[in-house]
Amino acid sequence: MFNAKGRFADAADKFEGVLRSHPDTPLLYEYLGSCYERVGKSGEAVRIYREALTRGLESSEFHLGLARISMTKGASQAAEAELRTAIELDPLSVVAHHDLGDVYRGRGDFEKARQQYELALEINPSYLYSWNGLGMTLGSMKDDQGALEAFHQAVNVAPESPLPYLNLAIQLERMGKRAEARAAYEEFLDLAAGKPDLDRERYLAESAIERLESLTVRRLGERRWRPTQNVGEGLEPSQGSPQGAPLHSRRRPPDVPTPTPSEGEILVRVHAT
């Protein structure tokens with residue numbers, strides 16, 4: 001009950017008590033370790049997962065938990081070892097293949113990362129995070145069209161989720177598809193409205209729209225410019241002039257730098273556990 005309501009600290013206390021009476025129940029270790037991870041007590045989570053394994057209770061979930069914690073500490077070799085064990089125990093674990101893809105991508109081994117994301121998607125074609133991971137990986141491999149298709153798939157499997165539209169928009173802008181990029185940025189902003197945890201991403205999208213507007217105005221101005229025009233003549237605000245009120249014109253806080261599309265800006269959120 002506590003776990004379902006997001007009260008993970010209370011849930012951890014409850015599971016600790018139940019575990020004393022049922023020390024050979026694998027699911028209790030899984031739930032308890034997950035609760036400790038949720039509240040940031042990674043040391044306690046490791047203790048619980050290791051205790052389960054010491055008791056001979058094998059489950060891919062214990063190794064997934066240990067791998068997650070290793071990844072947060074930057075211990076990619078340890079994470080890889082745990083994920084390989086998880087896959088041996090459960091070859092159809094979508095999360096294990098996906099997380100192993102993340103490990104390889106973090107090392108710059110993009111071919112191995114691609115293979116793991118594709119394996120995850122063979123098992124579950126609707127796994128959003130692997131479409132995002134695949135898109136990022138293909139982008140790093142200079143396969144822009146493949147990356148674009150992967151981000152389109154991410155949007156298709158989660159049309160109500162904001163972040164896939166932002167990933168798609170950044171890729172479109174990188175490829176010079178400015179009108180489509182702007183539409184995707186605006187779709188992201190519509191879906192992200194009222195979500196404080198996406199403030200940084202909203203600023204990124206807003207600044208991108210302003211950047212695209214200024215590029216459009218500049219290009220139109222260059223095409224329309226004639227030596228006989230009077231200084232001050234130009235586009236009307238309704239045609240996209242900087243004098244017009246741009247869509248989504250809220251400014252970034254001073255501590256948020258103006259972003260430009262780059263490989264590191266494509267966003268992938270760690271899957272929920």
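The crossing of helices α3 and α4 in this predicted model is left-handed. The axes of α3 (residues 42–54) and α4 (residues 60–72) come within 10 Å and cross at roughly 150°. Since angles over 145 degrees count as roughly antiparallel, α3 is therefore roughly antiparallel to α4. On the side of α3, the contact is formed by Ser-42, Ala-45, Val-46, Tyr-49, Arg-50, Ala-52 and Leu-53, and these meet Phe-62, His-63, Gly-65, Leu-66, Arg-68 and Ile-69 of α4. By class, eight of the residues in this contact are nonpolar, three are polar and two are charged.

Helix α3 also packs against α2. The axes of α2 and α3 come within 7 Å and cross at roughly 165°, which makes α2 roughly antiparallel to α3. This crossing is left-handed. The residues that α2 contributes are Tyr-29, Glu-30, Leu-32, Gly-33, Ser-34, Tyr-36 and Glu-37, while those from α3 are Ser-42, Glu-44, Ala-45, Arg-47, Ile-48, Tyr-49, Glu-51 and Ala-52. The contact of α2 with α3 comprises seven nonpolar, three polar and five charged residues. Ser-42, Ala-45, Tyr-49 and Ala-52 of α3 are listed both in the contact with α2 and in the contact with α4.

Within α2, which spans residues 26–38, lies Leu-27. At 42% relative accessibility, Leu-27 counts as partly exposed. Leu-27 is 35 residues from Phe-62 in sequence, and the C-alpha atoms of the two residues are 9.9 Å apart in space. Phe-62 is in turn one of the α4 residues that meet α3.

Of the 273 residues in the chain, 44% are buried. Among contacts with a separation of 6 or more, 52% are between residues 24 or more positions apart.

An α-helix has 3.6 residues a turn, so residues three or four places apart point the same way.

The loop between α8 and α9 holds Lys-142. Phi of Lys-142 is near 65°, a positive value in a residue other than glycine. Most residues other than glycine have a negative phi. Lys-142 has a relative accessible area of 69% and is therefore exposed.

Helix α11 (residues 178–192) has 15 residues, which at 1.5 Å a residue should span 21 Å; the end C-alpha atoms are 21 Å apart, in agreement with that value. Buried positions in α11 are Ala-181, Ala-184, Tyr-185, Glu-186, Phe-188, Leu-189, Leu-191 and Ala-192. The charged residue Glu-186 is thus listed among the buried residues of this helix. Just after α11, Gly-194 takes a positive phi of about 80°.

Technical notes:
Residues are numbered from 1 along each chain as its sequence is written. This is a predicted model: local features need pLDDT of at least 70, side-chain atom pairs count only at pLDDT 80 or more; totals for chains, interfaces and linings use all residues. Side-chain values use heavy atoms; hydrogens and water are left out. Axes are lines fitted to C-alpha atoms, for helices over the stretch in contact, and angles run from 0 to 180 degrees between N-to-C directions. Helices (H or I, at least four residues) and strands (E, at least two) are DSSP runs, numbered from the N terminus. Angles under 35 degrees count as roughly parallel, over 145 as roughly antiparallel, 65 to 115 as roughly perpendicular and the rest as oblique. A crossing is left-handed if the near helix is turned anticlockwise from the far one by less than a right angle, and right-handed if clockwise. Contact means heavy atoms within 4.5 Å. Buried means under 20% relative accessible area, exposed over 50%, partly exposed in between (1.4 Å probe, protein chains only). The expected span of a helix is 1.5 Å times one less than its number of residues.
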